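Trainee: I would like to go through this protein with you. Could we look at the structure together?

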Amino acid sequence: MRTRVVFYSRTGITRLLAEALAARTVAETAEITCDRYGPGLWGWLQAGRASWRRQRPAISYAPPGEAPDCLLVGSPVWSGVLAAPVRSYLAGLSELPPRVGLFLTAGGPPPQDQAAAEATALLGRAPDGLLVMHAEDVQAGRHMDEIEDFLRDLTMHVSRPDAPG
Ligand SMILES: Cc1cc2nc3c(=O)[nH]c(=O)nc-3n(C[C@H](O)[C@H](O)[C@H](O)COP(=O)(O)O)c2cc1C
């Protein structure tokens, strides 16, 4: 199964989780970048404002090639919802592979329902697997069991006939 891990990370936590997932699934990775939301206070304020306004900023994203069978999309949680660059990415997807997983990192505890619901609305269907991790646990490497559960959920799901595209 060809798996692609697509993620945005402002401060590196979601990148850590993306790298762990990619290593576990032998996936290709593609990072979403955005020239806003730098690492300082100004970037944090911009990120917060983008969330409140549900903005969809311009992003850069270079898909590595052939369409995958499984797409894993990673986002930090910003003000309870998706990070704005991930909103842009999901809004721009024209077709989905048979399996789609969503992984979120947050400064607070799971479940982060609002962010997952936003992703579901943008995808047009619920993801086949959902992984929500506290940033501290990702930093400490306490994510391996959760990754296995996430991947098990994904492999148990089959293609849905109502997937867009
Ligand atoms: C603008 C902004 C808003 C945030 N809002 C939330 C929030 O509502 N709930 C939460 O649990 N964490 C929140 N966080 C914390 C991030 O979700 C968390 O630190 C995440 O792991 C960062 O991922 P990254 O390092 O990949 O950018 C927020 C962070 C930023 C920058």
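Trainee: Where does Ser-79 lie?

Mentor: Please keep in mind that this is a predicted model. Ser-79 is located in the loop that links E3 to strand E4 (81-82).

Trainee: What is phi of Ser-79?

Mentor: The value is near 50°, which is positive although Ser-79 is a residue other than glycine.

Trainee: And is Ser-79 buried, exposed or partly exposed?

Mentor: Ser-79 is partly exposed, because 16 other C-beta atoms lie within 10 Å.

Trainee: Why does Arg-54 count as exposed?

Mentor: Arg-54 has 12 C-beta neighbours inside 10 Å, so it counts as exposed; the cut-off for that class is 12 or fewer.

Trainee: Back to H2, then. How many residues does it have, and how far does it reach?

Mentor: H2 consists of 12 residues, and the distance from its first C-alpha to its last is 17 Å. That is close to the 16 Å expected at 1.5 Å a residue.

Trainee: Where is Gln-46 found?

Mentor: Gln-46 belongs to helix H2. Gln-46 counts as partly exposed because it has 17 C-beta neighbours inside 10 Å.

Trainee: Which residues does Gln-46 touch?

Mentor: Setting aside residues up to four places away in sequence, Gln-46 touches Arg-36 and Tyr-37. From Gln-46 to Arg-15 the separation is 31 residues in sequence and 20 Å in space, C-alpha to C-alpha.

Trainee: Changing topic: how many residues surround the ligand, and which are the closest?

Mentor: The ligand is surrounded by 20 residues, of which the closest are Ser-9, Thr-14, Pro-76, Ala-106 and Gly-108. Two or more residues of this shell come from each of helix H1 (13-25), helix H2 (41-52), strand E3 (70-78) and strand E5 (99-106).

Trainee: How does that shell divide into nonpolar, polar and charged residues?

Mentor: The shell around the ligand contains 8 nonpolar, 10 polar and 2 charged residues.

Trainee: Which peptide bond is cis?

Mentor: The bond from Pro-110 to Pro-111 is cis, and its omega is near 20°. Pro-111 sits in the loop between E5 and helix H4 (113-123).

Trainee: What about the largest nonpolar core: how many residues has it, and which have the most contacts inside it?

Mentor: This core holds 42 residues, and Leu-72, Val-86 and Phe-103 have the most contacts inside it. E3 contributes the most to the core, with 6 residues.

Trainee: With which residues is Leu-72 in contact?

Mentor: Apart from its neighbours within four places in sequence, Leu-72 has contacts with Thr-3, Val-5, Leu-21, Ala-27, Gly-101 and Phe-103.

Trainee: Now the whole chain. How many helices and strands are there?

Mentor: The protein has 6 helices and 6 strands, and along the sequence they follow the pattern β-α-β-α-β-β-α-β-α-β-α-α.

Trainee: What radius of gyration does the protein have, against that of a compact globule?

Mentor: The protein has a radius of gyration of 15 Å; a compact globule of 165 residues would have one near 15 Å, so the two agree. The C-alpha trace spans about 40 × 35 × 30 Å along its principal axes.

Trainee: What share of the residues is buried?

Mentor: Of the 165 residues in the protein, 37% are buried. Among contacts between residues at least 6 apart in sequence, 78% join residues at least 24 apart.

Technical notes:
Residues are numbered from 1 along each chain as its sequence is written. This is a predicted model: local features need pLDDT of at least 70, side-chain atom pairs count only at pLDDT 80 or more; totals for chains, interfaces and linings use all residues. A residue is near a molecule or strand if its C-beta atom, placed from the backbone, lies within 6 Å of it. Helices (H or I, at least four residues) and strands (E, at least two) are DSSP runs, numbered from the N terminus. Ala, Val, Leu, Ile, Met, Phe, Trp, Tyr, Cys and Pro count as nonpolar, Asp, Glu, Lys and Arg as charged, and the others, Gly among them, as polar. The expected span of a helix is 1.5 Å times one less than its number of residues. A residue is buried if 20 or more other C-beta atoms lie within 10 Å of its own, exposed if 12 or fewer, and partly exposed in between; C-beta atoms are placed from the backbone. Two residues are in contact if their C-beta atoms, placed from the backbone, lie within 7 Å. A nonpolar core is a set of buried Ala, Val, Leu, Ile, Met, Phe, Trp, Tyr and Cys residues joined through C-beta atoms within 7 Å. The radius of gyration is taken over C-alpha atoms; the globule rule is 2.2 Å times the number of residues to the power 0.38.
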